[in-house]
Amino acid sequence: MCALLDANAVGDVLAADRSAAAHAFFNWITRGRGKLIVARQIHDELRTHSRFDVWYREAIQQGRILRVNDDEVEARAIELRKARICRSDDEHLIAAAQVGGARLLYSNDRALQRDFKNKDLIDQPRGKVYTTLHGSEYTKSHDRLLGNRSLCARGNR
């Protein structure tokens, strides 16, 4: 199962004192069934967090990172920008989901969340959002998302 991590949530996920919801997502990626999809621009945004580079190297060694084609993601992001389909300014994340097949997004950005749930942008299966915007406790909703086995498209399971 594949996921994307927005830069606005990386601090919570990698914090030493991470919240219960962030801890569950972190464990899902590092020890569970999850894989994090990364392309160049996403990597550049996530690495602004001081702990990201160390974690990223370990995650690559463990096979927990799925790198997608940077040129394909960039070309798709340009198409999305020109079409003005997205409400957010995160066309690169939508493009990475389309190219890499991620159907789970951890983000606290409302505009990006709406884009990710937009059937015209992310479909088959539809995009799901994991968020701590309304609280950091681990809820049944979080548990259902991490237990969902259909969070990838294009056979990237």
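Is Cys-86 buried or exposed? Cys-86 counts as buried, because its relative accessibility is 12%. Buried means under 20% relative accessible area, exposed means over 50%, and partly exposed is in between, with a 1.4 Å probe and protein chains only.

A word on the model. It is predicted, so local features need pLDDT of at least 70 and side-chain atom pairs count only at pLDDT 80 or more, while totals for chains, interfaces and linings use all residues. Residues are numbered from 1 along each chain as its sequence is written, and side-chain values use heavy atoms, with hydrogens and water left out.

Back to the cysteines. A disulfide is a covalent bond between the sulfur atoms of two cysteines. The cut-off here is a pair of cysteine sulfur atoms within 2.5 Å. Searching the whole structure turns up zero disulfides. Cys-86 is in none, and the nearest cysteine sulfur, that of Cys-2, is 20 Å away.

Cys-2 brings us to the strands. Strands are DSSP runs (E, at least two residues), helices are too (H or I, at least four), and both are numbered from the N terminus. Two strands pair if DSSP finds at least two bridges between them. β1 (residues 2-5) and β2 (residues 35-38) pair in the parallel sense, over two bridges. Cys-2 has Lys-35 as its bridge partner in β2. β2 also runs parallel to β3 (residues 65-67), joined by three bridges. There, Val-38 is partnered by Arg-67 of β3.

His-43 sits in helix α3 (residues 40-46). It is buried, at 14% relative accessible area. Contact means heavy atoms within 4.5 Å. Not counting residues up to four places away in sequence, His-43 touches Val-38, Phe-52, Asp-53, Tyr-56 and Arg-67.

Next, the core. A nonpolar core is a set of buried Ala, Val, Leu, Ile, Met, Phe, Trp, Tyr and Cys residues joined through side-chain atoms within 4.5 Å. The largest one has 52 residues. Among those with the most contacts inside it are Phe-25, Trp-55 and Leu-104. Helix α2 (residues 20-30) gives the most to this core: seven residues. Leaving aside neighbours within four places in sequence, Leu-104 is in contact with residues including Cys-2, Phe-25, Val-129 and Tyr-130.

Why do such cores form? In soluble globular proteins, nonpolar side chains tend to be buried together.

That's the tour. Thank you.
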